[in-house]
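Me: I want to learn how to read helix packing and surface patches. Can you take me through a case?

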Amino acid sequence: MQTMNKILSFIHRFSFMQVAIAFIVLSGLLGLQQVLLHNINNYLMFSKPIFNLIYGKDLYIEYPEFYFDIYKYSPTFALLFAPFSILPDSVGIICWNLLNATVFVVAIKQLFKNDQLCIFAILIVLLEAITSLQNLQSNCLLSGLIILTYTNLKNKNIFWAALCVSLAFYIKIYGIAAMAFAIFFKEKFKFGFVSGLFLILLFLSPLLVLNYDSLLLNYKSWMSIVGVSATGSQMSVMGILHTWIGWEGSFSVIQITGFLLVITPLVQFNKWKENYFQQLYVASILMFVVLFNQMAESPTYIIPLAGVAIWFLSFEKASSLDIGLLIFVLLLTSLSSTDLFPKYVREHFVRPYTLKALPVLIVWLRVQYQLWFDQEGIRYRLFSRATVVSGTK
């Protein structure tokens, strides 16, 4: 605990605004770094499809004149990316990273009202955020939208909650999992109705630039490419089972098992109004959507690390076990992808055995246990719950 106290003392020297600005500026610098390194293929995969969409082309075939690999996002995302697409690539890349970082910071601030909690959360996810931002990916943005769905529901901002979950879905399909948070609130049916409207409007939005037949063709191709992509087994539970025990069975069996584990705590109706239960459930969903996605890659781990941060910062004092688990996550999940980790260990153990996913899986299983057996007032963790979430008594 002495080390923890020193860390907390150091954090208290900075304001949230200082850390938030530094994080956002860093995101822009990381974008500039990729421009200078000419490593912008991921961004081109986001920015160029709008031009194919305008001409009614199938987005889901190869366009080597624009980018390598195949576009896997929705037609709606291609349209929504248009404001960046019309900018010079170097400017668009920096603006794209700034958007990702800003949405994430805003989400963290809405969730954790205490400045020190916000700073600690950013520090926990920092290495994974850097990985995502260096790859010019959408994962910081998606993490923020999932969290904002919950915080806006909690604050009865149904319009914004519905918009956030709808945008999350059209960025990556599993973003729709954030709709589960509605179960805790009286406005669940209103939220479902407004979300349905947004989903329909966003589905039809590409009609602004193409005809209906071309729209249906692209959505069919999108579903097809998602289905083909779903045959992998990367940094996920399925990846662990495949590399550890040679699992060749259906991924659906594992995913259904995970789904059942993640929804069964909701049968505890008496806990729905408890802030600690809601926070743990948000953490669980953030980890679940990546752990049970067989195509999960290293840059996506900002999403489950956001869940780890919410889990760890949700109570008053940390047990030795929980501190140990956090350190395990930071060392093996976050550091293992960097040059700070021994190259031999990284190449011969971490990657071949999908070890990046292991600490997060263990934390997720612990969260599932805590959703069932932890009760308010029994556990004492790092910070006062009274300072954590808006609306906490």
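Reply: We take helix pairs, then a surface patch. This is a predicted model, where local features need pLDDT of at least 70, side-chain atom pairs count only at pLDDT 80 or more, and totals for chains, interfaces and linings use all residues. Residues are numbered from 1 along each chain as its sequence is written, and side-chain values use heavy atoms, with hydrogens and water left out.

Me: How do I read two packed helices?

Reply: Use the angle between their axes and the distance between the axes. Here, the axes of H8 (residues 115-134) and H16 (residues 302-312) come within 9 Å and cross at roughly 175°. Therefore H8 is roughly antiparallel to H16 (angles over 145 degrees count so).

Me: Which residues of H8 and H16 make the contact?

Reply: Contact means heavy atoms within 4.5 Å. H8 gives Phe120, Ala121, Ile124, Val125, Glu128, Ala129 and Ser132. H16 gives Ile302, Leu305, Ala306, Ala309 and Phe312. By class, 10 are nonpolar, one is polar and one is charged.

Me: At what angle do H14 and H15 pack?

Reply: H14 (residues 251-263) and H15 (residues 275-291) pack at about 170°, axes 11 Å apart. So H14 is roughly antiparallel to H15. Their contact has six nonpolar, two polar and no charged residues.

Me: Which residues make the nonpolar surface patch?

Reply: Patch residues have over 30% relative accessible area and no salt bridge, with nonpolar side chains joined within 5 Å. Met17, Ile21, Val25, Leu29, Leu32 and Leu36 make one of about 580 Å². Leu29 lies in H2 (residues 16-36).

Definitions and conventions:
Axes fitted to C-alpha atoms, helices over the stretch in contact; angles between N-to-C directions. Helix = DSSP H or I, 4+ residues; strand = E, 2+ residues; numbered from the N terminus. Parallel < 35°, antiparallel > 145°, perpendicular 65-115°, else oblique. Nonpolar A, V, L, I, M, F, W, Y, C, P; charged D, E, K, R; others polar. Patch = residues over 30% accessible without salt bridge, like charges linked within 9 Å, V, L, I, M, F, W, Y side chains within 5 Å. Areas by Shrake-Rupley, 256 points an atom, 1.4 Å probe, with all protein chains shown as cover. Salt bridge = Lys/Arg side-chain N within 4 Å of Asp/Glu carboxyl O.
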